[in-house]
Amino acid sequence: MNQPKKQEFKTPKHIDDYPTGPQYTAGFLPETNAGWRTVRPLVDHEACVFCLRCYMLCPDGTIFKDNGKINIDMDYCKGCGVCAFECPKDAITMIKEEL
Amino acid sequence: MKNNKIFISGDEAVAVGVKLSRPHVIAAYPITPQTITVERLSDMVEAKELDAEYMHVESEHSAISATMGASAVGARTFTASSSQGLLYMTEGLHYCSGGRYPVVMMNANRSVALPWSIYGDQRDSLSLLDSGWIQVYVEDAQEALDMIIQAYKIAEHKDVLTPMMVNLDGFILTHTYELVDIPNQDEVDQFLPAFITPNKMSFEDPKNLGFSSKPDDNTEFKYQQNEAMFNAIPVLQDVDKEFGSKFGRTYHGMVEEYKCEDAEVVLVALGSVCGTVRVVIDNMRKAGKKVGLLKIRYMRPFPEAEVKALGKRVKAMGVIDKDISFGYEGTVYTNVNSALSKIDKHVFKQNFVGGLGGRDITKNEIEAMFNKLFLGISSEQEEKVEFFSLNVETNE
């Protein structure tokens with residue numbers, strides 16, 4: 001439940017440097033996937049009891065432990081609100097994304 | 001070279017070819033007229049003559065999924081299907097070629113419903129030319145066995161890494177018996193070394209397999225896939241030559257020309273009908289007619305160079321299609337015509353759609369096709385698609 005290390009992927013300049021088909025060394029995430037998010041989770045760390053229910057239920061695996069607190073990878077959070085709905089302490093609220 | 005000939009059917013020849021190629025995983029769902037192949041393979045696995053995992057799957061969709069998954073992590077895999085079953089695999093076929101997983105498949109060419117028919121034509125595989133699989137069409141059981149062995153070597157080549165479909169005509173080849181020379185296992189092992197996947201997984205070197213790509217990258221992957229298919233041309237030619245030097249049989253790579261050296265008129269065909277065309281050519285040659293055959297072996301990659309070269313030498317070309325793309329013409333004809341449009345010469349052409357749903361293409365019909373082509377070069381004739389032969393009159 002620590003955040004996986006992400007390595008930077010440099011887009012190849014020549015077709016021969018592309019991976020052969022869609023397979024490559026693990027640990028590269030060249031794409032982010034959160035562009036359509038309209039609301040984002042905001043964590044109240046005072047209210048949070050670190051039960052990690054949100055970590056278990058996040059459908060995109062974006063929640064991770066960060067120095068004894070939960071944190072969310074906003075490059076991949078879709079803003080679905082499952083974490084806020086499931087939080088037994090109502091420590092997560094969904095707030096509107098400002099464009 | 002010592003011969004070891006046995007009397008077996010086309011389906012059995014495929015099974016023997018697969019056994020000699022030592023696959024790790026076989027997943028196939030039985031369907032007429034492919035059934036005997038997978039029955040023989042399951043017998044071999046049960047009798048421990050073949051050390052492979054035979055996966056009992058509930059459908060063709062699962063068969064291609066299982067073989068593709070195993071292939072992705074380095075197993076040598078085999079599947080087989082026909083007609084409706086092949087079409088049920090369609091989603092997986094594209095997935096497999098896009099993944100660059102070198103699965104080898106046998107397809108028993110059979111008509112597609114409706115009307116329901118278990119008999120042969122080539123509408124199943126020809127409708128899948130765009131699925132990214134290498135497609136070869138064989139003429140007899142020996143070629144079927146030999147091409148299974150060659151197929152692994154071609155598909156698994158590092159510059160190719162593309163799945164390959166070996167097509168043999170349902171019943172005409174799958175269910176007829178021939179004397180077939182069985183290669184020696186040691187020689188096959190030398191010819192066909194183990195498949196080393198570039199995707200080998202380990203805890204030290206974890207991989208991400210079969211990922212998605214956004215519009216920024218997708219075109220590059222498709223370009224690369226197309227390039228790999230063209231790379232297959234020299235590879236399959238080399239593999240065929242090497243096979244010839246080892247086993248004494250070659251199949252001339254992309255196409256085989258039969259009596260085309262001085263031919264004025266040629267027929268283009270795929271698969272088993274080529275045997276009948278050869279007989280007609282021999283007879284017509286005795287009467288002084290300069291006729292020949294272009295046997296197309298590979299439909300993908302397409303033998304454009306070979307078709308163009310022959311087009312420059314002949315006056316007329318007829319294409320026998322066991323296929324029709326409704327609302328246009330036979331698909332083999334479309335492909336041949338595209339190649340011929342790139343040469344600076346007019347060749348009289350005619351498309352003969354025949355052999356649908358298992359109807360025989362007779363020697364008399366083939367002779368009539370040749371005569372129509374001769375008529376086309378000596379007089380003004382329309383280049384058209386003709387169903388050969390209809391048993392009824394039409395409104396045309």
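**Figure 1. Where the two chains pair strand to strand.** Y24(A) stands opposite N208(B), a residue of β9(B). The two belong to strand β1 (residues 23–25) of chain A and strand β9 (residues 207–209) of chain B, which run antiparallel and are joined by three bridges. Strands count as paired here if DSSP finds at least two bridges between them. Helices (H or I, at least four residues) and strands (E, at least two) are DSSP runs, numbered from the N terminus. The contact as a whole takes 10 residues from chain A and 19 residues from chain B, with contact meaning that two C-beta atoms, placed from the backbone, lie within 7 Å. On the side of chain A that touches chain B, five residues are nonpolar, four polar and one charged. In this classification Ala, Val, Leu, Ile, Met, Phe, Trp, Tyr, Cys and Pro are nonpolar, Asp, Glu, Lys and Arg are charged, and the others, Gly among them, are polar.

A word on the model before we go on: it is predicted, local features need pLDDT of at least 70, side-chain atom pairs count only at pLDDT 80 or more, and totals for chains, interfaces and linings use all residues. Residues are numbered from 1 along each chain as its sequence is written, while chains are lettered from A and ligands numbered from 1 in the order in which they are written.

**Figure 2. The two chains side by side.** Let us step back for a moment. Chain B has 13 helices and 16 strands, and chain A has two helices and five strands, arranged from the N terminus on as β-β-α-β-β-α-β. With 396 residues, chain B has a radius of gyration of 21 Å, which agrees with the value near 21 Å for a compact globule. For chain A, with 99 residues, a compact globule would come near 13 Å, but the chain has 16 Å. The radius is taken over C-alpha atoms, and the globule rule is 2.2 Å times the number of residues to the power 0.38. Along its principal axes, the C-alpha trace of chain A spans about 55 × 30 × 20 Å; the C-alpha atoms of chain B fill a box of roughly 70 × 55 × 45 Å. Buried residues make up 48% of chain B and 14% of chain A. A residue is buried if 20 or more other C-beta atoms lie within 10 Å of its own, exposed if 12 or fewer, and partly exposed in between.

Figure 3. Axes are lines fitted to C-alpha atoms, for helices over the stretch in contact, and angles run from 0 to 180 degrees between N-to-C directions.

**Figure 4. A seven-stranded open sheet in chain B.** Here the order is β3-β2-β4-β5-β7-β6-β13, again with mixed pairing. The edge strands β3 (53–55) and β13 (298–300) of chain B have a single partner strand each, so one side of each is left without a neighbour in the sheet. Strand β6 (residues 134–137) of chain B pairs with β13(B) in the antiparallel sense over two bridges, and V136(B) has Y298(B) as its bridge partner. Helix α3(B) lies across β2 (25–27), β3 and β4 (77–81) of chain B, at about 165° to β4(B).

**Figure 5. The buried side of helix α5(B).** G92(B), L93(B), C96(B), S97(B) and G99(B) are the buried residues of α5 (residues 90–99) of chain B. They lie on the same side of α5(B) because they cover an arc of only 160° around the axis, the arc being that of the directions from the helix axis to the C-beta atoms. Their cover includes α3 (60–72) and α9 (215–247) of chain B. Just after α5(B), R100(B) takes a positive phi of about 65°.

**Figure 6. The surroundings of V14(B).** V14(B) lies in helix α1 (residues 10–20) of chain B and counts as buried, with 31 C-beta neighbours inside 10 Å. Leaving out residues up to four places away in sequence, V14(B) touches T37(B), M106(B), A144(B), L145(B) and I148(B). V14(B) and Q142(B) are 128 residues apart in sequence, yet 8.8 Å apart in space, C-alpha to C-alpha.
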